[in-house]
Amino acid sequence: MSLKAENSFINSVHRLLPHAVYHWKIADRYHNGVPDCYYEGSRGVLFIEYKHIDIFPSSLDLTRRDMLSPLQMDWLERAGKNGVPCAVILGSEAHGLILYGREAWGTPVGREKWLAERLAKREIADWLTRKVSMCAITSVRLKS
C-alpha cells in the first residue's frame with residue numbers, strides 16, 4: 001500500500017468536494033493512530049482512515065488487521081464508542097469502498113464485496129458531503 005498512491009486517491013476525492021465541506025488531511029507525526037482525514041459541515045463531523053490497495057487479492061479476504069494498525073483500531077474504536085462518526089475507505093486508482101462504522105470495518109472484505117460495492121470517486125465525495133453537510137450534491141444518491 002503505497003503512501004503516495006493513498007495521498008493521490010485522497011486528493012482526488014477532496015477535489016470533488018463542495019466548498020461547504022471543510023476537509024483536513026491530518027499529518028500527525030507525533031500521535032500515531034490518528035485517522036487520515038477530518039471532515040466537517042453543517043450536519044456534523046466525520047473521521048476517515050484511507051487505505052490504498054493496488055490490486056485486490058483474488059483469493060484473500062482483507063481483515064481489519066490487514067488494513068489497520070493496532071493504534072488506528074484503538075483510535076477508531078474509542079471515537080466510535082464516544083459517538084464520533086468514523087469510517088475506513090479502501091481506495092484504488094478509480095474506485096473506493098466505504099466501510100462506515102465499526103461493524104463494517106471490523107468485517108473482512110473479500111473480492112466479491114469489493115466488486116459489488118465499490119464506488120466511483122464522485123460517489124465517495126457525494127457520500128462524504130451528505131454525511132457532514134446540507135449542501136446539494138451532483139450525482140446519484142447512495143445509501144447511508
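The legends below describe close-up views of one predicted model, moving from the whole chain to its sheet, cores and aromatic rings.

In this predicted model, local features need pLDDT of at least 70 and side-chain atom pairs count only at pLDDT 80 or more, whereas totals for chains, interfaces and linings use all residues. Residues are numbered from 1 along each chain as its sequence is written, and side-chain values use heavy atoms, with hydrogens and water left out.

**View 1. The protein chain and its elements.** The protein chain has six helices and six strands, where helices (H or I, at least four residues) and strands (E, at least two) are DSSP runs numbered from the N terminus. Along the sequence these elements follow the pattern α-β-β-β-α-α-β-β-α-α-β-α. Of the 144 residues of the protein chain, 43% count as buried, the classes being buried for under 20% relative accessible area, exposed for over 50% and partly exposed in between, with a 1.4 Å probe and protein chains only. Among the contacts with a separation of 6 or more, 55% come from residues 24 or more positions apart, a contact being heavy atoms within 4.5 Å.

View 2. Six strands form an open sheet in the order β1-β2-β3-β4-β5-β6, with mixed pairing; two strands pair if DSSP finds at least two bridges between them. The edge strands, β1 and β6 (119–120), each pair on one side only. Helix α1 (residues 3–14) packs on this sheet and touches β1, β2, β3, β4 and β5, with its direction at about 140° to that of β3. Helix α3 also packs on the sheet, where it touches β3 and β4, and its direction makes about 140° with that of β4. These angles run from 0 to 180 degrees between N-to-C directions, and the axes are lines fitted to C-alpha atoms, for helices over the stretch in contact.

**View 3. Strand β3 and its two neighbours.** Seven of the nine residues of strand β3 (residues 44–52) are buried, so that the strand is mostly covered. Strand β2 (residues 37–41) runs antiparallel to β3 and is joined to it by five bridges; the two strands form a hairpin with two residues between them, and Gly 41 stands opposite Gly 44 in β3.

**View 4. Two nonpolar cores.** The largest nonpolar core has 20 residues, of which Leu 68, Trp 75, Leu 76, Val 88, Leu 90 and Leu 99 touch the most other members; such a core is a set of buried Ala, Val, Leu, Ile, Met, Phe, Trp, Tyr and Cys residues joined through side-chain atoms within 4.5 Å. The elements that give two or more residues to this core are α3 (70–81), β4 and β5 (95–100), and α3 provides the largest share, four residues. Leu 76 touches Pro 35, Glu 49, Leu 68, Cys 86, Val 88 and Trp 105, when residues up to four places away in sequence are not counted.

View 5. Because Trp 24 lies in strand β1 (residues 22–25) and Tyr 38 in strand β2, the pair ties together parts that are 14 residues apart in sequence. Trp 24 is partly exposed, with a relative accessible area of 44%, whereas Tyr 38 is buried, at 15%. The rings of Phe 47 and Trp 75, with centres 4.9 Å apart and planes at 65°, are likewise edge-to-face; this pair links Phe 47 in strand β3 to Trp 75 in helix α3, 28 residues apart, and both residues are buried. Tyr 38 has Phe 47 as its bridge partner in β3, and Tyr 22, Trp 24, Tyr 38, Phe 47 and Trp 75 form one aromatic cluster.

How values were computed
Phe/Tyr/Trp six-rings, centres within 6.5 Å; stacked < 30°, edge-to-face > 60°.
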